Amino acid sequence: MKTVNCFIPYNNPKIWKNLISELEQNKHIENIYLLADNKTTIEHKKCEFIKTGSILNTKTIKAIAQKSNADYSLLITNEVEIKLGYFSIERFISIADNSNANIVYSNYIDIADGVQKPHPLIDYQKGSLRDDFDFGPMLFISMPALKKAVSGFSENFEFAGLYQLRLALSKNSLPFHIPENLYSVIEIKTDANDKKIFEYVDPKNRNVQIEMEKAVTTHLKEIGGYLAPNLKKISFNDAGFPVEASVIIPVRNRNKTIADAIESVMRQKADLNFNLIIVDNHSTDGTTETIKKHAKKYPNIIHIIPKRTDLGIGGCWNLAVHNPSCGKFAIQLDSDDLYKDETTITQIVDTFYKEGCAMVIGAYIMTNFNLEEIPPGIIDHKEWTPDNGRNNALRINGLGAPRAFYTPVLRKTQIPNTSYGEDYGVGLAISRNYKIGRIYNPLYLCRRWDENSDAALGIDAINRNNYYKDTLRTIELTARIRDVRL
């Protein structure tokens, strides 16, 4: 009979009473280890206390590996109230045995105010390197694989230990997703003044970002996907462009905001020729008429209505970039955002020439619809470093804004014809061979409002978006491993 050891973060004992009782009654459960900073009274016969820090700490992961003497380890990663499904432990064991995966995880059910809602997860891919991949709060791990992974750790992390473990376990066997609801997570209500028990780290904490970057960089080196800082130089000798720079706005049904976006471009003060290319993707709300009105006022506006009806944002970008009116540099502006001041184009073009890069990414300020700053304020992506940014790009879920491209490189690369993740995909591809320049002072006001494309997404849409970005990472990682080998 296969056996299981359970490891539970135990800083809030009251939420674990029912789960521990369930585990104790299961014949496969050999030991239950309670992980906490301070030893507490244990009323359960199968339980043993282990004094540890956070579950995210490498020392805690090592302590778990040391105690793992059953066939499998059930690791609970969040302090949330869990109820096991019918024969769920047996199902985890069976699928772990048959799949031969180092990690197995499953869908679950969310319960809030007595209402049950499915919480589906997504399959893990080779490129699922982002540190916030959602496994749910339960990981079922092969004991031999766990011990082997931990024995190979070369670094100790305060925040990235669990991420470090997952990457190590995925090297030879990808985590296996069970598309079945094997347990439930019960919402925990706390008073407004209570500290949320599941708040382990502040995601804005720079120390967390540094550790996560170290962990993924080590992993990439071990699997042959690390890129050394050897980059192609750009000479900018290409001639024949009608203007030095083109701002590109793909738009569909943004009559509330398109005029603001256009005017922010027309206010630019630059000692260079630029134009604005607007790809109006068959708007029906008056956007087309607003663009036409501004095009009559400003001769450097090129208004394009595609003949095709199958274009996403990426497809609109490709149409603009391959248009004869496109300049040497193509600069992004979303139809509901605007440039911070009249120097944005100048700063971006100057950065291209100064750094010899194929792409430039700036920083932006989050605002409400009325352009008033809202938390978290400035988004600058300072985790990007010149030597390692393109490796760390496989971990983070976005590269920042506004984005700008050297048009000849972008024309060769091409942008995925999607309306989500297209910018990330092309940024990854360009970073494989070329330098990406960064501007860390804000150039851009990013509006958050009800009609944003990513506003109030449901779990299915979130999963679909995350799966697509993981796919982009998988494609890019595969190409990098191939290039490194060559």
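**Exercise 1.** What share of the contacts in the protein with a separation of 6 or more comes from residues 24 or more positions apart?

*Solution.* The structure is a predicted model, in which local features need pLDDT of at least 70, side-chain atom pairs count only at pLDDT 80 or more, and totals for chains, interfaces and linings use all residues. Residues are numbered from 1 along each chain as its sequence is written, and side-chain values use heavy atoms, with hydrogens and water left out. Take a contact as heavy atoms within 4.5 Å. Among contacts with a separation of 6 or more, residues 24 or more positions apart account for 80%.

**Exercise 2.** Compare the radius of gyration of the protein with that of a compact globule.

*Solution.* The radius is taken over C-alpha atoms, and the globule rule is 2.2 Å times the number of residues to the power 0.38. For 486 residues the rule gives a value near 23 Å; the protein has 25 Å, which agrees. Along the principal axes, the C-alpha atoms fill a box of roughly 80 × 50 × 40 Å.

**Exercise 3.** Describe the setting of E81.

*Solution.* First, locate E81: it belongs to strand β5, residues 81–84. Strands are DSSP runs of E with at least two residues, numbered from the N terminus. Next, list its contacts: leaving out residues up to four places away in sequence, E81 touches I15, N18, S184, V185, I186 and I188. Finally, check its charge: E81 is buried (under 20% relative accessible area, 1.4 Å probe, protein chains only). E81 has no salt bridge (a side-chain nitrogen of Lys or Arg within 4 Å of a carboxyl oxygen of Asp or Glu). The nearest side chain of opposite charge, K83, is 8.8 Å away; Lys and Arg count as positive, Asp and Glu as negative, and His and the chain ends are not counted.

Terms used: Helix = DSSP H or I, 4+ residues; strand = E, 2+ residues; numbered from the N terminus. Buried < 20%, exposed > 50% of the residue type's maximum accessible area, 1.4 Å probe, protein only.
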